[in-house]
Amino acid sequence: MKIQSSHFTIAEILAMLDRRELFVDDTYQRSPKVWPASARSFFIDTVLEEFPFPKVYFLERFDNSRKQVLRDIIDGQQRITALRDFRDDKFALSGASRNFMRKKFSDLLDETQETFLTTSVQVDLIKSASRSEILEMFRRMNAYTAPLNAAEKRHAEFQGAFKLFVLEELTDWAVVIEEFELLTRKQLIRMADAEFITELALVLDRGITNKSESSLRAMYAHNDTDYPGASDARSRIGEFFEVLSGAFSPLRGTFIMKPYVLHSLFCAMVGKKYGFPNSSEIGIEMVGSYYTKLTKTLENLSSLAYAHETQEVEGRYRNYVEACMSTTHRIAQRVARTRAIAEALV
């Protein structure tokens, strides 16, 4: 087996398809129908915004009847067919695309069309390889890949509306999450930030619950075709991060910034301003605002953070501290933390 790394422009790849010099090999690839419209739109937006995307693999073979080298797509079928269909005006980008929403290829400015068509695609050309060798190649590649965690599996399994929502939220707030060190670099690489956004959306959908893989996966599955709550969730989560990175920035570096505490802070804030399923049942009064006295609120939250850090299990904040020290993702601990934080928001 020989592999040659190369680059082709999108225009060159599409020309190969048009001339029937490049073919989809269904024996290696899934049907392009696996990709829903939202995933195709997100990929095209990625290209137009000039973000990188994974390389593709072509198998070269000599066709005796045509006396020329032909190529089969053995990895990258869905991306390449999306590129072709977009060029052919077969779909428009979704409303989630910020700079190109509702646009087909023909709607783009000439210079944007040129940028799209001249985008370089990294291609590995596989030469002189049998089917068994190709399958062995992918098996060996996957053997050196770390097993997917739950968050990564959800993003690999689902390609629809809710996944797109999560990715958009990360685009907006990834800098805050990293700069405020809400999660470690290792956690960010393994998509803990996507899981955190999913947990916040789950609060808005179902209220405070135990954390479980089944409930997080259900958010993706139930909202894969369409996510009716996207607008409200985007607004609530956006307001939360704006307050966190603005008015609450003096709390940076304190134990309030622990992910499980931030979950409870979100619950308390949303519960007091908007309410959420079961917020009244757990004793969170909706008053239409997060707080009215910022200085006092910051003082109260700082006191909670200090009690947590020093593990003051006998003091005024005993219930809160105990709820921060063990089984932090169970509903009882989440409710206890949320109540204490809601009382601190004055």
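The backbone oxygen of Tyr260 lies 3.2 Å from a polar side-chain atom of Arg337, a polar contact (a pair of N or O atoms within 3.5 Å, one able to donate a hydrogen and the other to accept it; residues adjacent in sequence count only if both atoms are side-chain atoms). This is a predicted model, where local features need pLDDT of at least 70, side-chain atom pairs count only at pLDDT 80 or more, and totals for linings use all residues. Residues are numbered from 1 along each chain, and side-chain values use heavy atoms, without hydrogens and water.

Arg337 sits in helix α15, a helix being a DSSP run (H or I) of at least four residues and a strand a run (E) of at least two. Arg337 is buried (under 20% relative accessible area, 1.4 Å probe). What is the nearest side chain of opposite charge to Arg337? It is Glu199, 7.9 Å away, and Arg337 has no salt bridge (a side-chain nitrogen of Lys or Arg within 4 Å of a carboxyl oxygen of Asp or Glu).

Now to the pockets. A pocket is an open set of points on a 1 Å grid where a 1.4 Å probe fits, with protein on both sides within 12 Å along at least five of seven lines; lining residues have an atom within 4 Å of a point.

| Pocket | Volume | Lining |
|---|---|---|
| Largest | About 1500 Å³ | 20 nonpolar, 16 polar, 10 charged residues |

In the largest pocket, α2 (37-48) gives the largest share of the lining, 7 residues. For the second largest pocket, α15 (331-344) is among the elements that give two or more lining residues.

Notes:
Points joined across faces, edges and corners; volume = space filled by probe spheres on them. Nonpolar A, V, L, I, M, F, W, Y, C, P; charged D, E, K, R; others polar. Buried < 20%, exposed > 50% of the residue type's maximum accessible area, 1.4 Å probe, protein only. Lys, Arg positive; Asp, Glu negative; His and termini not counted.
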